[in-house]
Amino acid sequence: MAIIVDKEQKKKDIALGTKALILKDGINNITISQIAKAANIGKGTVYEYFKNKDEIVFELVEILMQEHNERKEKQLSLHVSTREKVKSFFSFFYADEDQELREIYKQFTAIALSSTNEEMVAFQTECYTLYEKWMENYEKWMENIIEEGIEKNELKSEAKELVMGIFAFAQGTFIMSVTTSAIEDLKQKIDTQIDILFDLMEK
């Protein structure tokens, strides 16, 4: 009797098997042969599911993002005030449970800022496209949180204009924290700035 393979699950298994390699050696330094070995399959089998290494990386990121989103939904449901929801929303940048995804996010950021050949430029473009999709989804999510706060009469109506600014601040603060020693406590820095903004935005 032929063994029926769940191809979607197999793709996920191969991608998840790549996670430890990426975290240890970096996206740029891993090979299909290493990925096959980590997944306990032949190199040819990898190509039955993915055209190249890039596709595997993107599959892994999508899986980790989905897990992150599910955790975030649960976390947000625990908070009543919009202020606390926004703080929880940006805990991605420092929470222990998001460490693996955050490390891969840092690698994507580094790739997006540097390219040395045509292949890397193509990968850089794909990274940027995926990054844009994340940002669009997360900005919309943040807009919904702020709009809910306005509807609950917690926030001034002008607060919805600050969504992009809050994002830019949180992301910039995170990048500064991993590229310099200027920020000792990232959570405190982000929470303090959010408190200042909400003091201005709340009714």
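Which exposed residues does the face of helix 8 turned away from its buried side carry? Let's take a walk through this predicted model and find out.

## Helix 8 and its two faces

The answer is Met164 and Thr179, both exposed and both on the face of helix 8 turned away from its buried side. The helix itself runs over residues 163–179, 17 residues in total. From first C-alpha to last it reaches 25 Å, close to the 24 Å expected at 1.5 Å a residue.

Now turn to the buried side. Here you will find Val163, Ile166, Phe167, Ala170, Gln171, Thr173, Phe174 and Ser177.

## The largest nonpolar core

The largest nonpolar core brings together 52 residues, and Phe89, Phe90 and Phe93 have the most contacts inside it. Helix 4 gives this core its largest share, nine residues.

Setting aside residues up to four places away in sequence, Phe93 touches Ala170, Gln171 and Phe174, along with Arg102, Tyr105, Leu186 and Ile190. Ala170, Gln171 and Phe174 are among the buried residues of helix 8.

Helix 4 spans residues 53–77, and Lys53 is found in it. Lys53 is buried yet has no salt bridge. Its nearest side chain of opposite charge is that of Asp54, 5.5 Å away, while a salt bridge would have to fall within 4 Å.

What is Lys53 in contact with, leaving aside its neighbours within four places in sequence? Its partners are Ile27, Asn28, Ile30, Ile32 and Ile35.

Terms used. Residues are numbered from 1 along each chain as its sequence is written. This is a predicted model: local features need pLDDT of at least 70, side-chain atom pairs count only at pLDDT 80 or more; totals for chains, interfaces and linings use all residues. Side-chain values use heavy atoms; hydrogens and water are left out. Helices (H or I, at least four residues) and strands (E, at least two) are DSSP runs, numbered from the N terminus. Buried means under 20% relative accessible area, exposed over 50%, partly exposed in between (1.4 Å probe, protein chains only). Lys and Arg count as positive and Asp and Glu as negative; His and the chain ends are not counted. Contact means heavy atoms within 4.5 Å. The expected span of a helix is 1.5 Å times one less than its number of residues. A nonpolar core is a set of buried Ala, Val, Leu, Ile, Met, Phe, Trp, Tyr and Cys residues joined through side-chain atoms within 4.5 Å.
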